[in-house]
Amino acid sequence: MELTERKRQILKVVVEDHIRTAEPVGSKAIAAEMSGSVSSATIRNELADLTELGYLEQPHTSAGRVPSPKGYRLYVNELMERQKLSMAETAQINESLQLRMDELDRLISQAGKAVSSFVNYPTYMAATRKKKITARRFDLLPVDEDRCIVVMMMGNNRVKSQLLTLQLRVEREQLPNLVNLLNTHFTNISTDEMNLRLMSVADQIPPQLFLFLSQTVAYAVDTLDSASQGEIITTGASQLLKLPEFRDADKAHQLISFLSDSKESLPMPEEGPMKILIGPENVSEALKDTSVVVASYDIGEDMRGLIGVVGPTRMDYATVAARLSGFAEGMTRLFGNLPPKEDAES
């Protein structure tokens, strides 16, 4: 159903008032915001329609309305006025990014603290590969009857190796066939494809070889995923304690624990400069009552960075989006001016 212009205007007022006050918004407050151009009775009817359509929720029978995730989504997509940073905000961002750094992780960590203090929400920072790293070549070096070294050259020319303990004995003369299988079927493909390919070759080799192949592929997948995804750094979790939504200590503790212990599950969108996920649009159960705004920036050398902000669904989306965009642009400029980082990892 297409919303009338008046319904859209009322929804916008409800969202922005709730963002500002964290309280349900009533018809009198809306009428005042609209300068008396619409009567309270008409506003109550429109609120009832918006609630029935799923854009608003009514926490208590006699209380005002609060936006639903559907209402926030319409607001973000169509009603939110895009903000431009003030000269003072731009200067503050640029000043916070004037950092003398020696390594990527330290730079990202300090930038994350700056973002969190600027938007007053928890933030997370990560560096990822624009293109996923794949395996280029495998080799297997027997050590004894029970152990073998897996050697993998990755697409970025780095070589990784791991000593694996065999769960079932594999004869040395069988290893060349296994190496050939690995190099034929498990190179130059994504880790998701590697897992699928493993199942497709199960009937081509004996069980003890398949078990060792599974160990090898599992090691390769973990190593390649780690190489493509850098460390995720979270900061500012204590900002949640300032918000009325997290006055409940258990609720605050659950989200703070998630940000600390399960940060690998935070949203990592692969495309687009900005992504806004509202409430249940987040896959993780721990984030179903929160919203996440993520911006990306260019690090260079086939790397991109992500800046994410986690907050309540009544987050001031326009302000957060503008400030994150400002930080992302600043980070891109900063990395463009940094000297190339020497690669000490073998």
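This report describes the cores, sheets, helix contacts and selected backbone features of a predicted model.

## Nonpolar cores

In soluble globular proteins, nonpolar side chains tend to be buried together. In this model, the largest nonpolar core comprises 72 residues. The residues with the most contacts inside this core are Ile30, Tyr297, Ile307, Tyr317 and Met331. Helix 11, spanning residues 317–337, gives the most to the core, with nine residues. A second, separate core contains 31 residues, among them Leu164, Phe186, Ile205 and Ala220.

The surroundings of Ile30 can be given in detail. When neighbours within four places in sequence are left aside, Ile30 is in contact with Ile10, Val13, Val14, Val25, Ile43 and Leu47.

Three strands form an open sheet in the order 4-5-6, and their pairing is antiparallel. Strand 4 (135–142) and strand 6 (159–165) are the edge strands; each has a single partner strand, so one side of each is left without a neighbour in the sheet. On average, and with direction ignored, neighbouring strands of this sheet are turned by 20° against each other.

Strand 4 and strand 5 form a hairpin, with four residues between them. These two antiparallel strands are joined by seven bridges. Strand 5 (residues 147–154) is also joined to strand 6 by seven bridges, again with antiparallel direction. Helix 7 (residues 175–185) lies across strand 4 and strand 5, and runs at about 165° to strand 4.

Strand 3 (residues 123–129) and strand 7 run antiparallel and are joined by three bridges. Within this pairing, Thr123 stands opposite Thr235 of strand 7.

## Packing of helix 1

Two packed helices are described by the angle between their axes and the distance between the axes. The axes of helix 1 (residues 5–21) and helix 4 (residues 69–79) come within 10 Å and cross at roughly 110°. The two helices are therefore roughly perpendicular to each other. Helix 1 contributes Arg8, Leu11, Lys12, Val15, Glu16, His18 and Ile19 to the contact, and helix 4 contributes Gly71, Tyr72, Leu74, Tyr75, Glu78 and Leu79. By class, the residues of this contact divide into seven nonpolar, two polar and four charged.

Helix 1 also packs with helix 3 (residues 40–52), the axes coming within 10 Å and crossing at roughly 85°. This makes helix 1 roughly perpendicular to helix 3. The contact is formed by Arg6, Lys7, Ile10, Leu11 and Val14 of helix 1 together with Thr42, Ile43, Glu46, Leu47, Asp49 and Leu50 of helix 3. Its residues comprise six nonpolar, one polar and four charged.

Pro67 lies in strand 2 (residues 66–67). The relative accessible area of Pro67 is 6%; the residue therefore counts as buried, the cut-off being under 20%. Apart from neighbours within four places in sequence, Pro67 is in contact with Val14, Val15, His18, Tyr55, Leu56, Glu57 and Tyr72. The C-alpha atoms of Pro67 and Val283 are separated by 20 Å, and the two residues are 216 residues apart along the chain.

## Positive phi values

Most residues other than glycine have a negative phi, and most peptide bonds are trans. Ala22, although not a glycine, has a positive phi of about 65°. Ala22 is located in the loop between helix 1 and helix 2 (27–33).

Asn120 is likewise a residue other than glycine with a positive phi, near 65°. Asn120 lies in the loop between helix 6 (104–119) and strand 3. With a relative accessibility of 42%, Asn120 counts as partly exposed.

Definitions and conventions: Residues numbered from 1 in each chain as written. Predicted model: local features only at pLDDT ≥ 70, side-chain atom pairs only at ≥ 80, totals over all residues. Heavy atoms only, no water. Core = buried A, V, L, I, M, F, W, Y, C linked by side-chain atoms within 4.5 Å. Buried < 20%, exposed > 50% of the residue type's maximum accessible area, 1.4 Å probe, protein only. Contact = heavy atoms within 4.5 Å. Pairing = 2+ DSSP bridges. Axes fitted to C-alpha atoms, helices over the stretch in contact; angles between N-to-C directions. Parallel < 35°, antiparallel > 145°, perpendicular 65-115°, else oblique. Nonpolar A, V, L, I, M, F, W, Y, C, P; charged D, E, K, R; others polar.
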